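Visitor: I would like to learn how to read a model like this one, feature by feature. Where do we start?

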Amino acid sequence: MHQQEDGKPRPFCLQWTFAGANSPARIQLVVWLRNFRDMENTILVTGGAGFIGSNFILQRMERASDAIVNLDKLTYAGNLHNLESIANDRRYEFVHADIADRALLRGLLERREPRAIVHFAAESHVDRSIREPDDFIRTNVDGTFALLEEVRAYWNGLAKPHRADFRFLHVSTDEVYGSLGSADLAFSETTAYAPNSPYAASKAASDHFVRAYHHTYGLPVLTTNCSNNYGRFQFPEKLIPLMILNARDGNPLPVYGDGQNVRDWLFVEDHCEAIATVLARGRVGQTYNIGGWNEKRNIDIVETICDIVDEIAGLRGAPCRSLITFVKDRPGHDRRYAMDASKIERELGWRPLETFETGIRKTVSWYLEHEEWVRDVTSGSYRQWIETHYSS
Ligand code: NAD
Ligand code: TYD
(Lines give C-alpha, C1' and ligand atoms only; values in the text may rest on other atoms or scores of the structure.)
(Ligands and ions follow the chains in the order given, each with its own letter.)
Protein backbone atom coordinates (compact mmCIF):
# COMPACT_ATOMS: atom_id res chain seq x y z
CA MET A 1 0.00 0.00 0.00
CA HIS A 2 1.24 3.54 -0.79
CA GLN A 3 2.49 5.74 2.03
CA GLN A 4 1.56 9.37 2.75
CA GLU A 5 4.18 11.92 3.88
CA ASP A 6 3.38 11.08 7.47
CA GLY A 7 4.08 7.41 6.82
CA LYS A 8 0.44 6.34 7.05
CA PRO A 9 -0.96 4.07 4.37
CA ARG A 10 -2.92 5.84 1.66
CA PRO A 11 -5.54 3.66 0.03
CA PHE A 12 -6.70 4.15 -3.57
CA CYS A 13 -3.73 6.13 -4.88
CA LEU A 14 -4.82 5.01 -8.36
CA GLN A 15 -6.89 8.19 -8.51
CA TRP A 16 -3.77 10.11 -9.71
CA THR A 17 -3.26 7.81 -12.65
CA PHE A 18 -6.75 8.19 -14.00
CA ALA A 19 -7.26 11.94 -13.86
CA GLY A 20 -5.37 15.23 -13.92
CA ALA A 21 -4.77 17.04 -10.61
CA ASN A 22 -7.74 19.45 -10.58
CA SER A 23 -9.99 18.19 -13.32
CA PRO A 24 -13.70 17.73 -12.56
CA ALA A 25 -13.25 14.05 -13.45
CA ARG A 26 -10.60 13.70 -10.75
CA ILE A 27 -12.67 15.52 -8.16
CA GLN A 28 -15.59 13.25 -8.93
CA LEU A 29 -13.37 10.22 -8.77
CA VAL A 30 -11.96 11.27 -5.39
CA VAL A 31 -15.47 11.79 -3.99
CA TRP A 32 -16.53 8.41 -5.37
CA LEU A 33 -13.48 6.68 -3.93
CA ARG A 34 -13.97 8.34 -0.54
CA ASN A 35 -17.52 7.10 -0.41
CA PHE A 36 -16.54 3.56 -1.22
CA ARG A 37 -13.26 3.56 0.64
CA ASP A 38 -12.93 0.63 3.03
CA MET A 39 -13.74 2.32 6.34
CA GLU A 40 -14.70 -0.86 7.99
CA ASN A 41 -11.26 -1.47 9.33
CA THR A 42 -10.45 1.37 11.71
CA ILE A 43 -11.64 1.60 15.30
CA LEU A 44 -10.73 4.54 17.50
CA VAL A 45 -10.34 3.35 21.09
CA THR A 46 -10.11 5.95 23.86
CA GLY A 47 -8.36 4.99 27.11
CA GLY A 48 -6.78 1.96 25.46
CA ALA A 49 -3.72 2.02 27.73
CA GLY A 50 -5.85 1.32 30.80
CA PHE A 51 -6.95 -2.00 32.27
CA ILE A 52 -9.96 -2.93 30.11
CA GLY A 53 -8.94 -0.89 27.06
CA SER A 54 -5.58 -2.63 26.69
CA ASN A 55 -7.18 -6.06 27.09
CA PHE A 56 -9.73 -5.05 24.46
CA ILE A 57 -7.08 -3.88 21.98
CA LEU A 58 -4.96 -7.01 22.38
CA GLN A 59 -8.00 -9.24 21.95
CA ARG A 60 -9.19 -7.37 18.83
CA MET A 61 -5.75 -7.37 17.23
CA GLU A 62 -5.62 -11.12 17.73
CA ARG A 63 -9.17 -12.03 16.73
CA ALA A 64 -10.04 -9.49 14.01
CA SER A 65 -8.46 -7.60 11.14
CA ASP A 66 -9.36 -4.13 12.44
CA ALA A 67 -6.82 -1.34 12.55
CA ILE A 68 -6.83 0.26 16.00
CA VAL A 69 -6.04 3.83 16.94
CA ASN A 70 -5.53 4.15 20.69
CA LEU A 71 -5.99 7.67 22.08
CA ASP A 72 -4.91 7.88 25.70
CA LYS A 73 -3.75 10.66 28.02
CA LEU A 74 -1.58 8.24 30.02
CA THR A 75 -2.75 9.24 33.47
CA TYR A 76 -1.44 7.21 36.42
CA ALA A 77 -3.78 4.40 35.22
CA GLY A 78 -2.51 4.26 31.63
CA ASN A 79 0.39 1.94 30.88
CA LEU A 80 1.88 1.43 27.43
CA HIS A 81 3.79 -1.64 28.64
CA ASN A 82 0.45 -3.49 28.40
CA LEU A 83 0.59 -3.02 24.63
CA GLU A 84 4.27 -3.69 23.99
CA SER A 85 3.52 -6.83 21.99
CA ILE A 86 1.66 -4.86 19.30
CA ALA A 87 3.53 -1.54 19.46
CA ASN A 88 5.13 -2.11 16.03
CA ASP A 89 2.13 -3.70 14.34
CA ARG A 90 1.15 -1.75 11.21
CA ARG A 91 -2.51 -1.99 12.20
CA TYR A 92 -1.90 -0.16 15.50
CA GLU A 93 -1.32 3.53 16.21
CA PHE A 94 -0.95 5.21 19.59
CA VAL A 95 -1.90 8.86 20.04
CA HIS A 96 -0.96 10.52 23.32
CA ALA A 97 -3.79 12.99 23.93
CA ASP A 98 -6.67 14.08 26.13
CA ILE A 99 -10.21 13.31 24.94
CA ALA A 100 -11.03 16.92 25.81
CA ASP A 101 -8.59 18.24 23.16
CA ARG A 102 -11.11 19.02 20.46
CA ALA A 103 -8.72 20.31 17.81
CA LEU A 104 -6.66 17.14 18.09
CA LEU A 105 -9.76 14.95 17.94
CA ARG A 106 -10.97 16.77 14.83
CA GLY A 107 -7.67 16.24 13.02
CA LEU A 108 -7.45 12.61 14.09
CA LEU A 109 -10.98 11.75 12.98
CA GLU A 110 -10.36 13.45 9.64
CA ARG A 111 -7.06 11.65 9.11
CA ARG A 112 -8.05 8.12 10.22
CA GLU A 113 -11.75 8.06 9.33
CA PRO A 114 -12.75 5.43 11.90
CA ARG A 115 -15.90 3.43 11.37
CA ALA A 116 -16.39 3.13 15.15
CA ILE A 117 -15.35 4.68 18.44
CA VAL A 118 -15.07 2.54 21.57
CA HIS A 119 -14.94 4.95 24.49
CA PHE A 120 -13.18 3.60 27.59
CA ALA A 121 -11.28 6.73 28.70
CA ALA A 122 -12.33 7.70 32.19
CA GLU A 123 -11.25 8.26 35.74
CA SER A 124 -12.38 4.96 37.20
CA HIS A 125 -11.57 4.61 40.90
CA VAL A 126 -14.36 5.28 43.42
CA ASP A 127 -12.01 6.04 46.34
CA ARG A 128 -10.15 8.66 44.29
CA SER A 129 -13.47 10.21 43.25
CA ILE A 130 -14.37 10.60 46.92
CA ARG A 131 -11.08 12.35 47.73
CA GLU A 132 -10.77 14.49 44.58
CA PRO A 133 -13.78 14.49 42.28
CA ASP A 134 -12.55 17.27 39.94
CA ASP A 135 -10.79 15.04 37.41
CA PHE A 136 -13.88 12.82 37.23
CA ILE A 137 -15.95 15.75 36.02
CA ARG A 138 -13.20 16.93 33.67
CA THR A 139 -12.69 13.59 31.93
CA ASN A 140 -15.89 11.59 32.40
CA VAL A 141 -18.32 14.45 31.82
CA ASP A 142 -16.52 17.29 29.97
CA GLY A 143 -14.24 14.88 28.10
CA THR A 144 -17.11 12.69 26.93
CA PHE A 145 -19.02 15.79 25.86
CA ALA A 146 -16.01 17.04 23.84
CA LEU A 147 -15.67 13.64 22.20
CA LEU A 148 -19.37 13.47 21.37
CA GLU A 149 -19.29 16.93 19.80
CA GLU A 150 -16.33 16.14 17.56
CA VAL A 151 -17.71 12.73 16.65
CA ARG A 152 -21.08 14.26 15.79
CA ALA A 153 -19.44 16.75 13.39
CA TYR A 154 -17.33 13.98 11.84
CA TRP A 155 -20.32 11.65 11.50
CA ASN A 156 -22.40 14.40 9.86
CA GLY A 157 -19.71 14.75 7.21
CA LEU A 158 -19.67 11.06 6.30
CA ALA A 159 -21.25 9.73 3.16
CA LYS A 160 -24.68 8.17 3.67
CA PRO A 161 -23.72 4.48 3.75
CA HIS A 162 -20.89 5.18 6.21
CA ARG A 163 -23.17 7.29 8.41
CA ALA A 164 -25.51 4.35 8.76
CA ASP A 165 -22.70 1.91 9.57
CA PHE A 166 -20.89 4.15 12.05
CA ARG A 167 -21.04 3.31 15.79
CA PHE A 168 -20.14 5.13 19.00
CA LEU A 169 -19.88 2.57 21.79
CA HIS A 170 -19.79 4.04 25.29
CA VAL A 171 -18.36 1.79 28.01
CA SER A 172 -20.07 2.33 31.34
CA THR A 173 -20.68 0.71 34.69
CA ASP A 174 -23.33 -0.92 36.88
CA GLU A 175 -22.57 1.71 39.55
CA VAL A 176 -24.89 4.20 37.81
CA TYR A 177 -27.86 2.20 39.16
CA GLY A 178 -26.97 2.75 42.83
CA SER A 179 -27.12 0.17 45.59
CA LEU A 180 -29.32 -2.93 46.10
CA GLY A 181 -30.69 -4.53 49.24
CA SER A 182 -30.01 -8.23 49.72
CA ALA A 183 -33.50 -9.26 48.49
CA ASP A 184 -33.72 -6.81 45.55
CA LEU A 185 -33.80 -7.96 41.93
CA ALA A 186 -30.60 -7.46 39.95
CA PHE A 187 -30.16 -4.25 37.88
CA SER A 188 -31.77 -4.44 34.45
CA GLU A 189 -31.51 -1.97 31.57
CA THR A 190 -34.70 -0.29 32.77
CA THR A 191 -33.61 0.21 36.39
CA ALA A 192 -33.69 3.93 37.25
CA TYR A 193 -30.31 5.61 37.64
CA ALA A 194 -29.36 6.45 41.23
CA PRO A 195 -25.58 7.01 41.30
CA ASN A 196 -24.11 7.34 44.80
CA SER A 197 -20.40 8.18 44.44
CA PRO A 198 -18.89 11.06 42.46
CA TYR A 199 -17.46 8.41 40.11
CA ALA A 200 -20.89 6.85 39.53
CA ALA A 201 -22.48 10.30 39.12
CA SER A 202 -19.91 11.30 36.51
CA LYS A 203 -20.46 8.07 34.57
CA ALA A 204 -24.23 8.49 34.80
CA ALA A 205 -23.89 12.02 33.40
CA SER A 206 -21.83 10.72 30.49
CA ASP A 207 -24.38 7.94 29.83
CA HIS A 208 -27.13 10.57 29.68
CA PHE A 209 -25.17 12.67 27.18
CA VAL A 210 -24.58 9.65 24.98
CA ARG A 211 -28.28 8.81 25.10
CA ALA A 212 -29.23 12.42 24.29
CA TYR A 213 -26.90 12.51 21.27
CA HIS A 214 -28.79 9.60 19.82
CA HIS A 215 -32.21 10.98 20.66
CA THR A 216 -31.49 14.53 19.47
CA TYR A 217 -28.99 14.13 16.63
CA GLY A 218 -29.45 10.50 15.63
CA LEU A 219 -25.81 9.60 16.41
CA PRO A 220 -25.65 5.77 16.25
CA VAL A 221 -24.67 5.05 19.84
CA LEU A 222 -24.52 1.90 21.96
CA THR A 223 -23.99 1.87 25.74
CA THR A 224 -22.74 -1.03 27.82
CA ASN A 225 -23.03 -1.10 31.61
CA CYS A 226 -20.76 -3.70 33.14
CA SER A 227 -20.08 -5.06 36.60
CA ASN A 228 -16.67 -5.22 38.35
CA ASN A 229 -13.92 -6.58 36.12
CA TYR A 230 -10.83 -8.49 37.16
CA GLY A 231 -7.83 -9.87 35.26
CA ARG A 232 -4.35 -8.89 34.04
CA PHE A 233 -3.26 -5.22 33.82
CA GLN A 234 -5.63 -3.87 36.50
CA PHE A 235 -4.00 -1.08 38.46
CA PRO A 236 -3.38 -2.33 42.01
CA GLU A 237 -5.53 0.29 43.72
CA LYS A 238 -8.63 -1.86 43.02
CA LEU A 239 -9.67 -4.67 45.35
CA ILE A 240 -8.39 -7.80 43.60
CA PRO A 241 -4.87 -6.77 42.50
CA LEU A 242 -4.33 -4.82 45.73
CA MET A 243 -5.13 -7.90 47.80
CA ILE A 244 -2.97 -10.20 45.65
CA LEU A 245 0.08 -7.97 45.99
CA ASN A 246 -0.41 -7.28 49.71
CA ALA A 247 -0.85 -11.00 50.32
CA ARG A 248 2.29 -11.74 48.33
CA ASP A 249 4.26 -9.20 50.36
CA GLY A 250 2.79 -10.17 53.75
CA ASN A 251 1.14 -6.75 54.18
CA PRO A 252 -2.26 -6.11 55.83
CA LEU A 253 -5.33 -6.81 53.64
CA PRO A 254 -7.60 -3.81 54.30
CA VAL A 255 -11.27 -4.85 54.06
CA TYR A 256 -13.67 -1.90 54.28
CA GLY A 257 -16.43 -2.01 56.91
CA ASP A 258 -17.74 -5.49 57.68
CA GLY A 259 -16.64 -7.01 54.33
CA GLN A 260 -20.23 -8.02 53.55
CA ASN A 261 -20.61 -5.71 50.51
CA VAL A 262 -21.48 -7.64 47.38
CA ARG A 263 -20.19 -7.11 43.84
CA ASP A 264 -20.74 -9.04 40.62
CA TRP A 265 -17.37 -10.02 39.12
CA LEU A 266 -16.58 -10.58 35.44
CA PHE A 267 -13.30 -11.75 33.89
CA VAL A 268 -11.98 -8.87 31.76
CA GLU A 269 -11.62 -10.94 28.58
CA ASP A 270 -15.30 -11.84 28.75
CA HIS A 271 -16.13 -8.14 29.06
CA CYS A 272 -14.00 -7.35 26.00
CA GLU A 273 -15.75 -10.05 23.98
CA ALA A 274 -19.12 -8.67 25.09
CA ILE A 275 -18.14 -5.18 23.90
CA ALA A 276 -17.06 -6.57 20.53
CA THR A 277 -20.40 -8.40 20.29
CA VAL A 278 -22.42 -5.27 21.05
CA LEU A 279 -20.33 -3.30 18.57
CA ALA A 280 -20.97 -5.85 15.85
CA ARG A 281 -24.62 -6.66 16.44
CA GLY A 282 -26.09 -4.38 19.12
CA ARG A 283 -29.20 -2.39 18.25
CA VAL A 284 -28.45 1.30 17.81
CA GLY A 285 -29.60 3.47 20.72
CA GLN A 286 -29.84 0.50 23.08
CA THR A 287 -28.05 -0.15 26.36
CA TYR A 288 -26.79 -3.61 27.32
CA ASN A 289 -26.02 -4.80 30.85
CA ILE A 290 -22.96 -7.04 31.04
CA GLY A 291 -22.23 -9.19 34.09
CA GLY A 292 -20.71 -12.43 35.27
CA TRP A 293 -23.71 -13.94 37.07
CA ASN A 294 -21.23 -14.10 39.88
CA GLU A 295 -22.15 -12.20 43.06
CA LYS A 296 -19.58 -12.41 45.84
CA ARG A 297 -19.05 -10.76 49.22
CA ASN A 298 -15.79 -8.83 49.49
CA ILE A 299 -14.61 -10.97 52.37
CA ASP A 300 -15.10 -14.12 50.30
CA ILE A 301 -13.05 -12.64 47.46
CA VAL A 302 -10.22 -11.75 49.82
CA GLU A 303 -10.23 -15.18 51.49
CA THR A 304 -10.17 -16.91 48.08
CA ILE A 305 -7.18 -14.81 47.03
CA CYS A 306 -5.40 -15.65 50.30
CA ASP A 307 -5.84 -19.36 49.76
CA ILE A 308 -4.59 -19.24 46.15
CA VAL A 309 -1.55 -17.13 47.11
CA ASP A 310 -0.73 -19.57 49.93
CA GLU A 311 -1.03 -22.45 47.49
CA ILE A 312 1.04 -20.90 44.67
CA ALA A 313 3.65 -18.95 46.61
CA GLY A 314 3.87 -21.45 49.45
CA LEU A 315 3.15 -20.75 53.09
CA ARG A 316 5.65 -18.42 54.71
CA GLY A 317 4.70 -18.51 58.36
CA ALA A 318 1.03 -17.83 59.12
CA PRO A 319 -1.63 -18.30 56.42
CA CYS A 320 -2.46 -15.15 54.38
CA ARG A 321 -5.93 -15.01 55.91
CA SER A 322 -4.28 -13.79 59.13
CA LEU A 323 -3.38 -10.57 57.26
CA ILE A 324 -7.06 -9.60 56.82
CA THR A 325 -7.71 -6.31 58.62
CA PHE A 326 -11.11 -4.65 58.82
CA VAL A 327 -10.68 -0.91 58.29
CA LYS A 328 -12.89 2.18 58.33
CA ASP A 329 -15.65 1.92 55.71
CA ARG A 330 -15.68 3.88 52.46
CA PRO A 331 -18.07 6.87 52.80
CA GLY A 332 -21.39 6.13 51.06
CA HIS A 333 -20.22 2.56 50.33
CA ASP A 334 -22.78 0.83 48.07
CA ARG A 335 -23.96 -2.38 49.71
CA ARG A 336 -24.70 -4.60 46.76
CA TYR A 337 -24.47 -4.60 42.96
CA ALA A 338 -25.98 -7.38 40.86
CA MET A 339 -26.44 -7.47 37.10
CA ASP A 340 -29.20 -9.07 35.10
CA ALA A 341 -27.32 -9.77 31.87
CA SER A 342 -30.13 -11.65 30.16
CA LYS A 343 -30.82 -9.05 27.44
CA ILE A 344 -27.36 -9.36 25.87
CA GLU A 345 -27.66 -13.15 26.00
CA ARG A 346 -31.16 -13.19 24.53
CA GLU A 347 -30.51 -10.65 21.76
CA LEU A 348 -26.86 -11.18 20.94
CA GLY A 349 -26.01 -14.61 22.30
CA TRP A 350 -23.23 -13.44 24.64
CA ARG A 351 -22.53 -15.21 27.94
CA PRO A 352 -19.37 -15.20 30.05
CA LEU A 353 -17.04 -18.13 29.33
CA GLU A 354 -14.72 -17.94 32.31
CA THR A 355 -15.88 -19.17 35.71
CA PHE A 356 -14.80 -17.18 38.74
CA GLU A 357 -12.80 -20.15 40.02
CA THR A 358 -10.68 -20.38 36.87
CA GLY A 359 -10.53 -16.61 36.25
CA ILE A 360 -9.31 -15.71 39.74
CA ARG A 361 -6.62 -18.41 39.57
CA LYS A 362 -5.37 -17.07 36.22
CA THR A 363 -5.38 -13.55 37.66
CA VAL A 364 -3.47 -14.39 40.84
CA SER A 365 -0.90 -16.34 38.81
CA TRP A 366 -0.50 -13.46 36.36
CA TYR A 367 0.28 -10.94 39.10
CA LEU A 368 2.71 -13.29 40.82
CA GLU A 369 4.49 -13.99 37.52
CA HIS A 370 4.75 -10.38 36.30
CA GLU A 371 6.97 -8.78 38.89
CA GLU A 372 8.42 -6.25 36.45
CA TRP A 373 4.98 -4.97 35.42
CA VAL A 374 4.05 -4.69 39.09
CA ARG A 375 7.30 -2.88 39.95
CA ASP A 376 6.71 -0.39 37.12
CA VAL A 377 3.24 0.61 38.27
CA THR A 378 3.83 0.56 42.02
CA SER A 379 6.40 3.30 42.26
CA GLY A 380 6.08 7.06 42.82
CA SER A 381 2.51 8.31 42.77
CA TYR A 382 1.16 4.84 43.52
CA ARG A 383 3.06 4.62 46.79
CA GLN A 384 1.86 8.10 47.70
CA TRP A 385 -1.79 7.10 47.07
CA ILE A 386 -1.48 3.97 49.22
CA GLU A 387 0.18 5.89 52.04
CA THR A 388 -2.40 8.70 52.06
CA HIS A 389 -5.47 6.54 51.53
CA TYR A 390 -4.83 3.76 53.99
CA SER A 391 -3.26 5.90 56.72
CA SER A 392 -6.49 7.81 57.43
P1 NAD B 1 -8.52 2.53 33.94
O2 NAD B 1 -8.54 3.58 35.01
O3 NAD B 1 -7.67 1.33 34.13
O4 NAD B 1 -8.07 3.18 32.55
C5 NAD B 1 -8.55 4.42 32.10
C6 NAD B 1 -7.68 4.85 30.91
O7 NAD B 1 -8.19 6.10 30.44
C8 NAD B 1 -6.22 5.08 31.27
O9 NAD B 1 -5.38 4.51 30.28
C10 NAD B 1 -6.07 6.59 31.29
O11 NAD B 1 -4.77 7.04 30.95
C12 NAD B 1 -7.11 6.99 30.25
N13 NAD B 1 -7.60 8.36 30.43
C14 NAD B 1 -8.04 8.93 31.60
N15 NAD B 1 -8.40 10.21 31.37
C16 NAD B 1 -8.21 10.44 30.04
C17 NAD B 1 -8.43 11.56 29.20
N18 NAD B 1 -8.89 12.72 29.68
N19 NAD B 1 -8.15 11.45 27.88
C20 NAD B 1 -7.65 10.28 27.38
N21 NAD B 1 -7.42 9.19 28.13
C22 NAD B 1 -7.70 9.27 29.45
O23 NAD B 1 -10.03 2.14 33.70
P24 NAD B 1 -10.68 0.73 33.34
O25 NAD B 1 -10.88 -0.04 34.58
O26 NAD B 1 -9.92 0.15 32.21
O27 NAD B 1 -12.12 1.21 32.85
C28 NAD B 1 -12.34 1.56 31.48
C29 NAD B 1 -13.78 1.99 31.32
O30 NAD B 1 -14.63 0.94 31.73
C31 NAD B 1 -14.15 3.20 32.18
O32 NAD B 1 -14.99 4.02 31.42
C33 NAD B 1 -14.90 2.59 33.36
O34 NAD B 1 -15.85 3.50 33.86
C35 NAD B 1 -15.56 1.39 32.71
N36 NAD B 1 -15.81 0.26 33.60
C37 NAD B 1 -14.83 -0.27 34.37
C38 NAD B 1 -15.10 -1.37 35.17
C39 NAD B 1 -14.02 -2.00 36.03
O40 NAD B 1 -14.31 -2.92 36.81
N41 NAD B 1 -12.77 -1.59 35.92
C42 NAD B 1 -16.37 -1.93 35.19
C43 NAD B 1 -17.37 -1.37 34.37
C44 NAD B 1 -17.06 -0.28 33.58
P1 TYD C 1 -13.07 -1.52 43.98
O2 TYD C 1 -12.14 -2.53 43.40
O3 TYD C 1 -12.52 -0.19 44.37
O4 TYD C 1 -14.28 -1.38 42.94
P5 TYD C 1 -15.70 -0.62 43.10
O6 TYD C 1 -15.66 0.30 44.24
O7 TYD C 1 -15.79 0.09 41.79
O8 TYD C 1 -16.73 -1.72 43.25
O9 TYD C 1 -13.76 -2.16 45.26
C10 TYD C 1 -14.49 -3.35 45.20
C11 TYD C 1 -15.09 -3.60 46.56
O12 TYD C 1 -14.01 -3.84 47.49
C13 TYD C 1 -15.83 -2.41 47.12
O14 TYD C 1 -16.96 -2.88 47.86
C15 TYD C 1 -14.85 -1.75 48.06
C16 TYD C 1 -14.02 -2.92 48.56
N17 TYD C 1 -12.60 -2.60 48.90
C18 TYD C 1 -12.10 -2.99 50.14
O19 TYD C 1 -12.79 -3.57 51.00
N20 TYD C 1 -10.78 -2.70 50.44
C21 TYD C 1 -9.97 -2.05 49.55
O22 TYD C 1 -8.78 -1.79 49.87
C23 TYD C 1 -10.50 -1.69 48.26
C24 TYD C 1 -9.65 -0.98 47.24
C25 TYD C 1 -11.83 -1.99 47.99
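Visitor: At what angle do H9 and helix H11 pack?

Guide: First, a caution: this is a predicted model. H9 and H11 (residues 298-313) pack at an angle of about 40 degrees, and their axes are 9 Å apart. Angles under 35 degrees would count as roughly parallel. H9 and H11 are therefore oblique to each other. Their crossing is right-handed.

Visitor: Which residues of H9 and H11 make the contact?

Guide: From H9 come Leu 239, Ile 240, Met 243, Ile 244, Ala 247 and Arg 248. H11 brings Asn 298, Ile 301, Val 302, Ile 305, Cys 306, Val 309 and Ala 313. By class, that is 11 nonpolar residues, 1 polar and 1 charged.

Visitor: How do H4 and H6 cross, right-handed or left-handed?

Guide: Right-handed. The axes of H4 (residues 102-112) and H6 come within 10 Å and cross at roughly 35 degrees. On the H4 side, Arg 102, Leu 105, Arg 106 and Leu 109 take part. They meet Ala 146, Leu 147, Glu 149, Glu 150 and Tyr 154 of H6. The classes here are 5 nonpolar, no polar and 4 charged.

Visitor: Now the sheets. How do strands of a sheet pair?

Guide: Through backbone hydrogen bonds, either parallel or antiparallel. Take the open sheet of 7 strands: its order is S5-S4-S3-S6-S7-S8-S12, and its pairing is parallel. On average, neighbouring strands are turned by 20 degrees against each other, direction ignored.

Visitor: How many bridges pair S3 with S6?

Guide: There are 4 bridges, in the parallel sense, between S3 (residues 42-46) and S6 (residues 116-119). Look for Val 45, which stands opposite Val 118 in S6.

Visitor: What is the order of the open sheet of 3 strands?

Guide: S9-S11-S13, with mixed pairing. S9 and S13 (295-297) stand at the edges with a single partner strand each, so one side of each has no neighbour in the sheet. The twist averages 50 degrees from one strand to the next. S11 (residues 262-267) and S13 run antiparallel, joined by 3 bridges. Val 262 stands opposite Arg 297 in S13.

Visitor: On to the ligands. How many residues surround ligand 1, and which are the closest?

Guide: Ligand 1 has 30 residues around it, and the closest are Gly 47, Gly 50, Ala 77, Gly 78 and Ala 122. Elements giving two or more residues to this shell are H3 (51-63), H6 (134-156), S7 (167-173) and S9 (228-230). By class, the shell holds 13 nonpolar, 13 polar and 4 charged residues.

Visitor: Which residues are around ligand 2?

Guide: Among them are Val 126, Asn 228, Lys 238, Tyr 256, Arg 263 and Arg 330. H9 (239-249) and S10 (253-256) each give two or more residues. S10 has the largest share, 3 residues. The shell divides into 6 nonpolar, 3 polar and 3 charged residues.

Terms used
Residues are numbered from 1 along each chain as its sequence is written. Chains are lettered from A and ligands numbered from 1 in the order in which they are written. This is a predicted model: local features need pLDDT of at least 70, side-chain atom pairs count only at pLDDT 80 or more; totals for chains, interfaces and linings use all residues. A residue is near a molecule or strand if its C-beta atom, placed from the backbone, lies within 6 Å of it. Ala, Val, Leu, Ile, Met, Phe, Trp, Tyr, Cys and Pro count as nonpolar, Asp, Glu, Lys and Arg as charged, and the others, Gly among them, as polar. Axes are lines fitted to C-alpha atoms, for helices over the stretch in contact, and angles run from 0 to 180 degrees between N-to-C directions. A crossing is left-handed if the near helix is turned anticlockwise from the far one by less than a right angle, and right-handed if clockwise. Two residues are in contact if their C-beta atoms, placed from the backbone, lie within 7 Å. Two strands pair if DSSP finds at least two bridges between them. Angles under 35 degrees count as roughly parallel, over 145 as roughly antiparallel, 65 to 115 as roughly perpendicular and the rest as oblique.
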